[in-house]
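Here is a short tour of a multi-chain model, written for someone who likes to know how each value was computed. Have the viewer open and follow along.

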Number of protein chains: 6
Amino acid sequence: MPISRFEPPKLESLPPDIAERIAAVQEKSGFVPNVFLALARRPDEFRAFFAYHDALMEKPGGLSKAEREMIVVATSGLNKCQYCVVAHGAILRIRAKNALIADQVAINFRKADIKPRERAMLDFAVKVAERSHEIDDSDYGTLRDAGFSDDEAWDIAAIAALFAMSNRLANAFSIRPNDEFYLMGREPRG
Amino acid sequence: MPISRFEPPKLESLPPDIAERIAAVQEKSGFVPNVFLALARRPDEFRAFFAYHDALMEKPGGLSKAEREMIVVATSGLNKCQYCVVAHGAILRIRAKNALIADQVAINFRKADIKPRERAMLDFAVKVAERSHEIDDSDYGTLRDAGFSDDEAWDIAAIAALFAMSNRLANAFSIRPNDEFYLMGREPRG
Amino acid sequence: MPISRFEPPKLESLPPDIAERIAAVQEKSGFVPNVFLALARRPDEFRAFFAYHDALMEKPGGLSKAEREMIVVATSGLNKCQYCVVAHGAILRIRAKNALIADQVAINFRKADIKPRERAMLDFAVKVAERSHEIDDSDYGTLRDAGFSDDEAWDIAAIAALFAMSNRLANAFSIRPNDEFYLMGREPRG
Amino acid sequence: MPISRFEPPKLESLPPDIAERIAAVQEKSGFVPNVFLALARRPDEFRAFFAYHDALMEKPGGLSKAEREMIVVATSGLNKCQYCVVAHGAILRIRAKNALIADQVAINFRKADIKPRERAMLDFAVKVAERSHEIDDSDYGTLRDAGFSDDEAWDIAAIAALFAMSNRLANAFSIRPNDEFYLMGREPRG
Amino acid sequence: MPISRFEPPKLESLPPDIAERIAAVQEKSGFVPNVFLALARRPDEFRAFFAYHDALMEKPGGLSKAEREMIVVATSGLNKCQYCVVAHGAILRIRAKNALIADQVAINFRKADIKPRERAMLDFAVKVAERSHEIDDSDYGTLRDAGFSDDEAWDIAAIAALFAMSNRLANAFSIRPNDEFYLMGREPRG
Amino acid sequence: MPISRFEPPKLESLPPDIAERIAAVQEKSGFVPNVFLALARRPDEFRAFFAYHDALMEKPGGLSKAEREMIVVATSGLNKCQYCVVAHGAILRIRAKNALIADQVAINFRKADIKPRERAMLDFAVKVAERSHEIDDSDYGTLRDAGFSDDEAWDIAAIAALFAMSNRLANAFSIRPNDEFYLMGREPRG
């Protein structure tokens, strides 16, 4: 199965910084997630994409790592993005230490085993994903009532927006989720 | 009128590379487009955003500059993003040397004074914006028939995806278009 | 560029009352808006259309002229009607003495520089345009709270309804906005 | 039950031309359809509305009377307009001399006992009602292939557009269909 | 006219229990509703379908028979199911002893002559039909406030769900409503 | 966590046939899927539901068992039914002996690793689920071209319709998928 509609570049032809980033993720995960290979075809876009990703998903403080992945999985489910639901579903299971949460959030976050704070976060994220032109003061008020700071509100919106882009890239390019993701984080840790 | 729901940083507090970029755009345009100030609140996101933007919108070769802006205006109109329609509408008028095209494309690209090639490009871009999960081989075939290379197809999809993000950020943060944009490129050049 | 999919009648062949109306608008505006020529192909429909238009848009009292045009621009934007957004956008700029308002209202009235009274008016108009079967007492109550009389509520609904028709005619017949409209009301009055 | 949210005028207070029109319809039908009373509150709008209605629905030649009513019933069903479906359903049954056709067309014209020509007509009318911004050459080509002249295409579009207005007025004003309409044209003629 | 896209079985070839059920309905109604013949092609599915139907629509206690039919007509109208609207519209007129109610509910239940209790019931039923994934505690709370027990809430949801199935079968198989249904219950009882 | 909004009956209070069915599924699966307990609250509905289910999902011949489950998973994903996607996703993995297929089909069947025959089957099933009123001859023609008999076309439609009901019941009653389903069929068989 091709990993994307666009042929990925040969690893040995990659600029050193990109080769290094790919080697690092392989070291950490045991495989190279296909989005790295697919986007490496365009080094400048690769760099910008992962810089944006890291700025929102890896920065210290604010939303927990599990909360961030929950936003990704909920909005990617609505956008019917196979790569993002499968790959970030795996990461969410691991970050939340919860084998069930990713499928629940991807199918219908309203029925998921989540806290009221997480529900408020996802309601906002989903509105950014689907009807951002209707976002207004009352949405920010609801977030504040649920305990989110203004900077966390920014983060929720920005993560939903980043994956509005990412979902469309993965869908348009038919980026295939690696087989490894499907089972990750599903098994009880012995 | 505030330029965004989130207070922009003071110019003198900005990291030098960001201050420099803002100075450069002010030098070129005569004013600072509000998206620069609004995003400067988050330097890492600012850098990633404009790196992505430049990689797609400013790179040499491929789609013409006017074609790229046409994609932005058509998809931003569908997403009801005031900042992007007004700001990129101005740029489109200038790049296309056409005072009417931006309003036409923003309201209903199907009735705009565009060529069949441009129509095929916008049909694809709009599908990426609205129903990317349904993109398939036949969409790429239509683009090829209209004269686009595979790399140009990537560009169309990627620009539509980037502004799927950008529209949601501008909507969620209520980024206000600068008054200067509304009239730019509308007057006949003497 | 043809002004419509249907060839307009020759001016000299028009019934005198229609010729007169067209001469009057040309005298006033400096050009003949294309909707007059396009509809003149059917004299009885022309007469009924402009009688309806004048009864709602020109009658004394009630909503201000700028408010009426705001309804037209907001609902025509949602219906993606190029003629109505461009032509009535020009009239709105002039009536409201505001160079920015028309683009703002056409793209997303929720982000426009409008007063709460105008927002309530547009919320109602847009509901008539998009979901009239759900209009109920509570919508009229909201209008009353915003200061509108029952007769003004009728006017808002009727203008939104008239342009539901007008937008569909202009879209189905591909009526082209005159080039003159694009720039009208955009320049500061010296 | 009130015939409309807005109180209708007293019959004796009506301008003579409107009183006369109402007397004529009562003479012909045996009762006064409520839309006449509801709109009589605004004489100028009443005159324009019925002038438009007559120009499209009563003019000689072109589409048959039954075809015109079919357009009204199909589009009014989609717009969920109780007054228009019930009242024009009755007229359609009478004009088409068919007791079943109105309910079939109102619920789902695709399953109605209609000819291919009528199906092509309704497909076009429904596109005008729901997605007029997507109407293009190919829609007119399909109509031509089904035997419609360009002037008949205009009529189909204009009737669908007129009832886009009419449906919204009846919905927004809660105009109630007269009880008499429900049974009209349903019984076999002895 | 065929009663369905799939040829119905010959009556003499039917299993005895099914033949008996069909004879009983013919005895009671004076004709065999086409859904019985259409589904008899598959005896096991026929038995399951009518067992489900009877369990919800015929059981003693709880919602009135007229209320149950109202749910069927409202949701079948939204699903554009010709068979179900026409056939159950007839039953609703008879059960409610009201010649007007079925058309009103099918076209737009919000404008029908119904009580607040019935409106709450239909709001819930329609949400089950159209957006069941958004049903939550507040919907059940609203039903309780309108006087419905939890078991009646189950019934409303289950009837809406049963006809979600039934509407899709009738639409996919083009099951034709018998001519007899159209006039049933419309005439004043002498 | 409750298995449903409605309290399930005590096992010892169940009618013998229902108790037996539940014992059988527990014997076979090692646990009792929650839908059995949730529906047992209503014995007649339970019997009808599983009779219908078995008639379509367990009968010999025609569509393969894996194909039938694929229809369930694809349509349940669109209806955002957590119970049905998780439970039938497990069954699909087992029936298809494929650890990846269920997530792929649930998220976006257009990107799943399926054959053209399966794609045609799912396109039809999804149309039944979402727009059954538009099903016509051409849909059956496409199925025939893909190798399906008329009776298999009935099966596809009927399965999609049955789960249109089932999804709405599970959503409205908040039936919770058993934890056991999430991991079933995901691990390589040693």
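## Two helices side by side

In chain F, helices H4(F) and H5(F) are roughly antiparallel to each other (an angle over 145 degrees). Their axes, H4 covering residues 65-78 and H5 residues 82-96, come within 9 Å and cross at roughly 155 degrees. Here helices are DSSP runs of H or I with at least four residues, strands are E runs of at least two, and both are numbered from the N terminus. Axes are lines fitted to C-alpha atoms, for helices over the stretch in contact, and angles run from 0 to 180 degrees between N-to-C directions.

The crossing of H4(F) and H5(F) is left-handed, a label used if the near helix is turned anticlockwise from the far one by less than a right angle. Contacts (heavy atoms within 4.5 Å) involve, among others, F:Met70, F:Val72 and F:Val73 from H4(F), and F:Val85, F:Ile91 and F:Leu92 from H5(F). By class, this contact of H4(F) with H5(F) has nine nonpolar, four polar and three charged residues. Nonpolar covers Ala, Val, Leu, Ile, Met, Phe, Trp, Tyr, Cys and Pro; charged covers Asp, Glu, Lys and Arg; the others, Gly among them, are polar.

F:Gln82, F:Tyr83, F:Cys84 and F:His88 of H5(F) meet residues of H9(F) including F:Phe163 and F:Asn167. The contact of H5(F) with H9(F) counts four nonpolar, five polar and no charged residues.

## Chain A as a whole

Chain A has nine helices and zero strands. Its C-alpha trace spans about 50 × 40 × 30 Å along the principal axes. With 190 residues, a compact globule would have a radius of gyration near 16 Å, and the 17 Å of chain A agrees. That radius is taken over C-alpha atoms, and the globule rule is 2.2 Å times the number of residues to the power 0.38.

## How the chains relate

A rotation of 180 degrees with 0.0 Å of shift along its axis superposes chain C on chain D, with an RMSD of 0.0 Å. That is the relation of a two-fold axis. The same surface serves both copies, as 100% of the contact residues of chain C recur in chain D. Superposition is by least squares on C-alpha atoms of residues with pLDDT of at least 70 in both.

Which chains do not touch? Chain A and chain D do not, with their nearest C-alpha atoms 20 Å apart.

## About the model

This is a predicted model, where local features need pLDDT of at least 70 and side-chain atom pairs 80 or more, while totals for chains, interfaces and linings use all residues. Residues are numbered from 1 along each chain as its sequence is written, chains are lettered from A and ligands numbered from 1 in the order written, and side-chain values use heavy atoms, leaving out hydrogens and water.

Key: Angles under 35 degrees count as roughly parallel, over 145 as roughly antiparallel, 65 to 115 as roughly perpendicular and the rest as oblique.
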